[in-house]
Amino acid sequence: MNPLVSVVIPAFNAAEFIVETIESVLQQTYRPIEVIVVEDGSQDNTVELVKATFSDDVRLLCQKNSGPSVARNRGIRESSGKYIAFLDADDIWLPEKIASQVAVMEEKPDIGMLCGDMVDFNEKGRDAISHFKKNGLDKEYFGGTLYITDAFKKVYNKNFISTPTVMLRCSILDKTELFPLEFRFSEDYLFWLDLVRIVNIAYQDEVYTLRRKHTTNLTNDTAVNVKIRPMVLDQIDRRHGEYLKELGIDIRERYSKAWFLIGYFRLYQLGQLDVTADFAKSFSYRPNWRNFLYTCASATKLTWVALKLKQHSRN
């Protein structure tokens with residue numbers, strides 16, 4: 001008998017795409033599936049649309065707006081399946097996604113987490129190249145087998161795990177905290193790092209997930225993503241600092257890059273000139289000529305000249 005798979009879909013102002021997303025789940029070749037939509041305080045007609053279209057096929061849970069972590073965690077706690085899969089409310093699955101992943105998980109009961117490749121798409125069609133291929137992630141990179149070797153180090157260096165591609169074995173969730181509530185960005189990255197320390201993770205290079213690219217994607221908020229990087233690193237250091245040292249990884253390198261990126265983004269994207277402290281923090285974590293020159297230039301207002309030259313070159 002096929003084990004139950006619980007599909008958790010957090011939805012905030014998702015009316016434009018939610019029907020297509022849920023239909024891609026209900027069109028899976030695998031059964032049985034439990035679809036849980038956690039409506040996260042939408043201000044559009046997401047609730048009415050889901051009720052009217054899928055009243056018999058979807059469990060709809062409504063809550064005040066609390067962010068994707070709270071929504072996914074609630075979906076996990078309300079689930080009944082042996083396996084859990086996550087899907088964002090604007091993405092879609094190809095029909096064989098769940099069947100393919102369950103087959104792997106059933107054959108290899110020591111796998112706690114399975115992820116896969118995906119392709120971006122929009123109203124004009126799909127990208128020709130998948131995410132793994134864009135980032136040079138092949139069988140050799142992952143370790144040459146179904147299992148990902150040195151998974152923690154690889155996920156730390158490059159978060160190649162996309163949430164809509166993931167399937168988890170529910171039994172592993174007793175060993176760890178769920179998605180961290182402190183963040184609305186990078187919460188999945190922190191959760192994956194927690195998991196890959198304690199369970200075997202495997203991958204599939206087939207593409208079963210299509211990620212929709214549009215102007216309101218949460219991950220498009222570049223300014224917020226840049227700003228929170230040091231806070232994400234604080235969490236990683238708190239949770240895994242000693243383990244990083246055991247692996248010979250110096251987290252100060254990441255802090256340096258994070259603060260440099262903040263200063264660079266604020267200067268060249270936002271046109272803000274008070275960036276000396278950002279570059280100085282970058283220098284304090286990793287002293288080098290680049291960080292030193294940017295710190296000195298910003299302190300002596302030379303960044304104003306650089307900014308004007310860059311703006312002039314665009315005109």
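**Ground rules.** I number residues from 1 along each chain as its sequence is written, and my side-chain values use heavy atoms, with hydrogens and water left out. Because the model is predicted, local features need pLDDT of at least 70 and side-chain atom pairs count only at pLDDT 80 or more, while totals for chains, interfaces and linings use all residues.

**Strand 4.** Are its faces covered or open? Both are covered: Tyr 83 and Ala 85 on one side, Ile 84 and Phe 86 on the other, are all buried (under 20% relative accessible area; exposed is over 50%, partly exposed in between, with a 1.4 Å probe and protein chains only). Next I looked up its partners, where pairing takes at least two DSSP bridges between two strands. Strand 1 (residues 5–11) pairs with strand 4 in the parallel sense over 4 bridges, and Val 5 stands opposite Tyr 83. Strand 8 (residues 167–169) runs antiparallel to strand 4, joined by 3 bridges, with Met 167 opposite Ala 85.

**Strand 9.** Strand 6 and strand 9 run parallel and share 10 bridges. Strand 5 (residues 92–93) is antiparallel to strand 9, with 2 bridges. I noted that Leu 210 is the bridge partner of Val 119 and also of Ile 92.

**Cores.** Which residues have the most contacts inside the largest nonpolar core? I found Met 113, Tyr 156, Phe 160, Ile 161, Leu 168, Trp 192 and Ile 236, in a core of 48 residues. A core here is a set of buried Ala, Val, Leu, Ile, Met, Phe, Trp, Tyr and Cys residues joined through side-chain atoms within 4.5 Å. Elements giving two or more residues to this core include strand 4, strand 6 (111–122) and strand 9 (200–212). The largest share, 7 residues, comes from helix 8.

I then checked Phe 160: leaving aside residues up to four places away in sequence, its contacts (heavy atoms within 4.5 Å) include Cys 115, Phe 132, Tyr 141 and Lys 154. Another core, of 28 residues, lies apart, with Ile 22 and Val 50 among its members.

**Ser 69.** This residue sits in helix 3 (residues 68–78). Ser 69 counts as buried because its relative accessible area is 1%. With the sequence neighbours up to four places away left out, Ser 69 touches Phe 179, Pro 180, Leu 181, Phe 183 and Glu 187.

**Salt bridges.** How many does a search of the whole structure find? The search gives 16, each a side-chain nitrogen of Lys or Arg within 4 Å of a carboxyl oxygen of Asp or Glu. I looked at Lys 134 and Asp 120, whose closest N and O atoms are 3.9 Å apart. Lys 134 is in helix 5 (residues 131–134) and Asp 120 in strand 6, so this pair ties together parts 14 residues apart in sequence. Lys 134 is partly exposed at 46%, whereas Asp 120 is buried at 7%. Asp 127 and Arg 211 are linked with these two in a network.

Arg 266 and Asp 274 came next, with closest N and O atoms 2.6 Å apart. Arg 266 is buried at 16%, while Asp 274 is exposed at 57%.
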